Amino acid sequence: MLDDPRTVRVTGDATAAVYRRADDADAEEHPRADRAGPVREAYVWCNLTSGNGARALWLLLLPFMVVNLAHWMRPASRHHPRTVRLYGLLVRLAGLTLTVLLVAAACEVALDLAAWQCAGTRACVRNHSWLGFLSPDRPDPGWWSQPGRRLALAALVPAALTALLWYLSHRTWSAYESQQPMSREARPGEETDGTALSRPGFWYGRRLVARLRAAHTAAGFLTVAAAVAAPATRHDRAPGGPAPLDVLGTLLDAALVLGAAVVLAVVCRRGRSEHRIDRQGDRTLVRLLPQGAILLLALTLVYACWSRPEWQATGRLPGDATFGGLTLVQGLLVIALGLVARTLYRTNPVTWGGPGTPDVPLDTRTAMRGFAGPAVAMLACALGGVMSGGVCQRVADWLDGTRHSIPGPPVLLTWQASAIPPLILVLLAVVARLGRRTLRQRHREAIAVERAYPGEPKDTTRTRRIASTRAMAALTDRAPFVVGVLSFATLLLGAGAVAGAFATGDTPSAAARGTYALVHGAAETAQALGSWLIGLGFILFVTWGRRAYKDPAARRTIGILWDVGTFWPRAAHPFAPPCYAERAVPDLTWRMATWTRATGGRLVLSGHSQGSVLAAAAAWQLRPATRRRIALLTYGSPLERLYGRWFPAHFGPAALASLHREVACWRNLYRPTDPIGGPVRLPGDCGPEVDHEPLTDPLAYGRTERHPLPAPVLGHSDYQADPVFAAERELLLARLRTDVPGQRPHGNAQDSSGRSSE
């Protein structure tokens with residue numbers, strides 16, 4: 001980034017820091033006449049998303065991250081605060097169901113498959129001797145052989161999983177959400193400036209994450225308690241059951257229902273406070289809610305361990321009702337979320353342009369016309385279901401194989417796995433359509449390439465390669481279509497799986513037995529193929545996580561995937577991977593504010609790719625007077641192409657237009673071969689002021705005196721290699737010198753594209 005092997009860390013730590021060239025380390029204190037050009041700094045933040053090997057564990061949190069993204073994808077709306085709060089509430093409830101789903105899957109594996117079915121079956125125990133001490137078929141059954149005690153012992157596994165989730169969330173919470181942003185008062189009119197990213201408390205989610213963490217942790221422990229209590233209370237309520245235990249079971253059920261109501265009340269409380277830095281801690285709630293859930297779990301385990309010699313484990317635990325209820329609730333939440341999102345989109349006919357600026361018509365580039373959030377929430381639920389079902393299917397196969405000595409996982413999970421092959425067929429149809437459109441686009445781009453390099457000898461292979469790169473880069477703009485089709489198909493197939501499981505009470509192949517041969521064959525094929533695919537997906541997932549733990553290069557790849565997913569604060573799910581921007585944005589804000597205050601200087605804030613998003617977010621957090629001393633240079637920027645389309649409430653046209661008005665000047669560079677970066681597309685006369693015309697890529701079509709070897713197609717990388725980059729930076733510095741009078745002669749160019757440092 002600094003183009004110099006001798007660099008020094010100016011401020012920061014091993015996680016994220018600001019660097020300079022060694023010759024510029026004391027540029028302010030000891031100015032030198034021979035120093036040409038601005039002083040360059042580099043903010044390196046790559047370790048926030050791809051640090052040590054423990055980051056591989058974040059793959060387990062993928063559904064939580066995706067549902068958290070849905071929270072920030074709501075359509076823009078200025079005059080409907082209650083509808084906006086309802087949208088956030090529905091996403092938080094969907095996140096809560098994902099926590100319960102994950103813990104319920106762990107309960108299914110440990111309690112139902114291992115402790116209830118396998119340990120209670122002689123043939124299964126014979127092949128898994130480590131379960132022998134739990135078996136009731138031994139000549140001298142041990143203390144743990146009774147079903148309730150087996151369940152109590154197995155409950156330690158999902159309880160440990162819940163504790164692990166709490167630990168990961170608490171550890172990252174103290175490292176990320178607890179970073180103090182720069183204190184300032186909210187200025188008048190900030191609510192209608194087009195984005196909430198300028199509010200003082202936006203990047204300080206400490207209180208909300210702590211509260212949600214307590215609620216989700218309690219929900220996890222209560223789920224384990226309910227999984228243990230349900231079969232014990234059902235046995236005690238049977239005719240001839242012990243009356244005292246029946247009463248205790250009823251009281252315990254009431255306590256669990258009360259605990260669930262408290263968890264729901266905490267999740268339904270109003271979400272974030274962004275207009276001020278909220279330093280309150282809710283310490284009593286954060287401490288007592290998980291502790292109360294742990295106490296209820298302990299009482300449940302004692303209740304389950306009570307001696308019941310006549311109790312025999314048969315069949316399955318009632319997992320179908322649990323997973324079916326969760327799937328139904330998730331579907332209803334997604335549908336309700338879609339209705340709310342559509343209402344917000346339709347009731348926002350104009351986007352505010354700011355004082356003295358005409359209103360901008362409704363942004364037709366908003367992804368999926370406002371349905372992006374519900375669609376992504378649906379995919380998060382589907383991802384959670386696939387991960388849960390994959391674990392249950394693989395463990396059932398490991399315990400039993402093909403011997404059918406145990407009943408196996410709930411029927412619903414088999415139906416859901418059987419829905420995967422039809423979903424893959426839908427995906428293949430989408431890929432075929434995109435492939436056909438890409439071929440047509442490549443033909444059009446080939447004509448454009450020949451026009452872009454007039455007078456060059458025609459090289460069909462070279463032209464085809466450049467045109468193919470351009471056509472492939474355009475696929476990014478087709479993402480809303482892909483997500484929309486997949487989410488709608490997932491919703492329909494999920495509903496069909498629930499209906500089929502509850503209507504037949506049997507697996508798809510067994511339910512289709514006796515029908516037409518074609519129907520039975522299709523059901524049998526879908527069931528077998530789905531079980532194989534869900535197992536393969538689980539194995540690949542574990543393998544990828546193991547490789548990421550050991551291989552820094554693979555860990556960096558995962559870090560790139562997290563760039564968008566973990567940019568946003570954890571407003572919907574506390575167990576999602578932490579928000580690195582809650583560290584990076586205050587870092588940049590503090591550095592720019594203190595430097596301009598100390599030197600009276602001006603700076604160009606330069607950002608590549610995700611660094612440009614951090615640069616914009618940091619600029620919004622500055623005081624207006626400081627913001628006017630800063631010029632923006634963005635390149636390969638997804639500000640409009642990804643963030644503006646998918647997160648219109650925060651990066652929509654009004655937000656980006658307000659940023660353009662409030663900084664000194666702004667230029668944006670992009671290439672038609674870049675699959676991530678694109679134009680900012682500001683409305684009216686602002687567009688040409690910000691967006692440079694598309695850069696030529698490659699810089700030369702054939703061999704020239706300047707490029708005697710073939711010039712590479714750079715795409716998303718190495719924008720600094722283009723002479724336009726240096727020229728535009730100099731123009732911005734020149735404009736700063738004329739636009740901001742009366743300053744001391746200091747200049748600075750700060751680059752926030754930390755990932756390019758690697």
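## A tour by selection

Select Tyr453 first: at 9% relative accessibility, this residue counts as buried. Buried means under 20% relative accessible area, exposed means over 50%, and partly exposed covers what lies in between (1.4 Å probe, protein chains only). This is a predicted model, in which local features need pLDDT of at least 70 and side-chain atom pairs count only at pLDDT 80 or more, while totals for chains, interfaces and linings use all residues. Residues are numbered from 1 along each chain as its sequence is written, and side-chain values use heavy atoms, with hydrogens and water left out.

**Stop 1: aromatic pairs**

The structure holds 22 aromatic pairs. The rings of Tyr453 and Tyr701 have centres 5.3 Å apart and planes at 40 degrees, so this pair is tilted. Tyr453 sits in the loop between helix H12 (420-452) and helix H13 (460-473), and Tyr701 in the loop between H24 and H25, so the pair ties together parts that are 248 residues apart in sequence. Rings of Phe, Tyr and Trp (its six-membered ring) pair if their centres lie within 6.5 Å; planes under 30 degrees apart count as stacked, over 60 as edge-to-face and the rest as tilted. Helices (H or I, at least four residues) and strands (E, at least two) are DSSP runs, numbered from the N terminus.

Tyr635 is in strand E7 (residues 630-635) and Tyr719 in the loop between H24 and H25, so named as distant parts of the chain, 84 residues apart. Both Tyr635 and Tyr719 are buried.

Now show a cluster. Ring pairs link Trp45, Trp72, Phe202, Trp203, Phe567, Trp568, Tyr580, Trp620, Tyr643, Phe647 and Phe651.

**Stop 2: charges over rings**

Select Arg149 and Trp143. The charged end of Arg149 sits over the Trp143 ring, 4.0 Å from the ring centre. Next, take Arg308, which lies over the face of Tyr303 at 4.9 Å from the ring centre. The test: NZ of Lys or CZ of Arg is within 6 Å of the ring centre and within 35 degrees of the ring normal.

**Stop 3: the loop between H24 and H25**

Go to Pro698, in the loop between helix H24 (686-690) and helix H25 (723-739). A cis peptide bond joins Asp697 to Pro698, with omega at about 0 degrees. Move on to Asp718, in the loop between H24 and H25. Its phi is near 55 degrees, a positive value in a residue other than glycine. Asp718 is partly exposed, with a relative accessible area of 42%. Most residues other than glycine have a negative phi, and most peptide bonds are trans.

**Stop 4**

Select strand E6 (602-608), then step to Ser609 in the loop between E6 and helix H19 (610-621). Phi of Ser609 is near 55 degrees, a positive value in a residue other than glycine. Ser609 is buried, with a relative accessible area of 15%.

How many of the 7 residues of E6 are buried? The count is 7 of the 7, so E6 is largely enclosed by the rest of the structure. Arg602, Val604, Ser606 and His608 point one way from E6; Leu603, Leu605 and Gly607 point the other way. E6 and E7 run parallel and are joined by 6 bridges. Val604 stands opposite Ala631 in E7. Two strands pair if DSSP finds at least two bridges between them.

**Stop 5: helices**

Colour helix H21 (residues 639-646). Here 8 of the 8 residues are buried, so H21 is largely enclosed by the rest of the structure. Among them are Glu640, Arg641 and Arg645.

Select Ala657 in helix H23 (residues 653-662). Ala657 is buried, with a relative accessible area of 11%. Its C-alpha atom is 9.5 Å from that of Val680, 23 residues apart along the chain.

Then find Trp595 in helix H18 (residues 581-599). Trp595 counts as buried at 5% relative accessibility. Trp595 and Glu28 are 567 residues apart in sequence and 9.8 Å apart in space, C-alpha to C-alpha.

**Stop 6**

Finish with strands E1 (residues 7-12) and E2 (residues 17-21), which run antiparallel and are joined by 5 bridges. A hairpin of 4 residues joins E1 to E2. Thr11 has Val18 in E2 as its bridge partner. E2 also pairs with strand E3 (residues 39-44), in the antiparallel sense, over 4 bridges. There, the bridge partner of Val18 is Tyr43.
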